[in-house]
Structures are given as structure tokens and as C-alpha cells.
Amino acid sequence: CFKAVLALIEFVESLEVSDMKELEPLAAKFEINTTENDSYNFFRAKYFLDEGNLGQVEDALLFVPVKSKHYGDALLVSAIYNYRRGKVDESIRDLEKLNKVMDKFDRLQGIAALTLARNFFQKGMYKEANEAYLKVNKADALFLQAMVEQSWTQILMGDYEGAAGNM
């Protein structure tokens, strides 16, 4: 069983995030050191975020280094984690950090821009929110959602014509 758990940890990317529910206790039971496996720790972070176990999210994210192929996704998870903790400024910081390395993680561009805009909107920073909504690419599946939300931002900024144009 130990070797099977080691193999599952090594090839964690073949699993679903929800499989961490079974795998995480087995890794602990066999006292397997997973700190060097950034993929495993990214999956742990996503799983714990999905489960609302915010204390474990931060622990898992510590083991996803900047050079990891999961780093961009980890920054997005961190931003959502911080947002859920009510740490909007930290969430914005994570998303801005993601924007700086976006060339490696361009598939995250739409969700990162939308999430950043929502953070700015919540803080009442409508000008910044409006600019972030504009960064969602027209080809992105989130574009229509971003335009609806941008319209609300424009209304709150007093740009009624712009809001009507979006609609």
C-alpha cells in the first residue's frame, strides 16, 4: 500500500483534485514527505480551498515555488484564499503578482483580470476595476460576465452612456 500511495503522490496530476480527500490522509499515515512535490502541494491547496479549509491552503501554497509550472495557478488560489479571509489587499497583491508573470500563464489572464476587477470593485476603487475588466479578452468565456460587471462599475462611476454601450 505504501508504494501505491507513493506512486499516486508522484503522479498526482493524473488524479482529480477531489481525490486529495483520500490521498492526503494516506500520505500522513505513511509519513511521506511531500514538501518537494509542488504538484502535490498545488493539488492540496486547491482541494483545501474547495473544502473551505483555509488554514491548510496557506500551508500547501508554501511548497509551490516560483519556478513551478503551477506557480500562476497557485497565485490565483492564493488570491481567492486571501479574498475569502477578508484580506482584499493581499488578494489584489497576489493578482498583481500574477499579472507580472502572466506570459507564462496566459490561460489564466481572463479569470485573473476578472478577479482583480472584483476585488477593486469591492474596495470601491471603480476606476481600477473598470480598467481591470477591460483586460478580459473578447475571446475569453468570461468576457460577457466581465462586461456586465463593468457596466455596474460604470454606473457607479457615473458613466451611464458607457454602461448602456456595454449592454
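**Helices packing in a predicted model**

Reader: What covers the buried residues of α4?

Author: This is a predicted model, where local features need pLDDT of at least 70, side-chain atom pairs count only at pLDDT 80 or more, and totals for chains, interfaces and linings use all residues. Residues are numbered from 1 along each chain as its sequence is written, and side-chain values use heavy atoms, with hydrogens and water left out. Helices here are DSSP runs (H or I, at least four residues), numbered from the N terminus. The cover, judged by contact (heavy atoms within 4.5 Å), includes α3 (38-51) and α5 (71-84).

Reader: Which residues of α4 are buried, and where do they fall, seen down the axis?

Author: Buried means under 20% relative accessible area (1.4 Å probe, protein chains only). In α4 (residues 54-61) that goes for Val57, Ala60 and Leu61. Their directions, taken from the helix axis to the C-beta atoms, fall within an arc of 95°, so they line one face of the helix.

Reader: How do α7 and α8 pack, at what angle?

Author: Axes are lines fitted to C-alpha atoms, for helices over the stretch in contact, and angles run from 0 to 180 degrees between N-to-C directions. For α7 (residues 109-122) and α8 (residues 126-133), the axes lie 8 Å apart and the angle is about 165°. Over 145 degrees counts as roughly antiparallel, so α7 to α8 is roughly antiparallel.

Reader: Is Ser151 buried or exposed?

Author: Ser151 sits in helix α9 (residues 143-157). Leaving out residues up to four places away in sequence, Ser151 touches Ala163, Asn166 and Met167. With a relative accessible area of 4%, Ser151 is buried.

Key
Helices (H or I, at least four residues) and strands (E, at least two) are DSSP runs, numbered from the N terminus. Angles under 35 degrees count as roughly parallel, over 145 as roughly antiparallel, 65 to 115 as roughly perpendicular and the rest as oblique. Buried means under 20% relative accessible area, exposed over 50%, partly exposed in between (1.4 Å probe, protein chains only).
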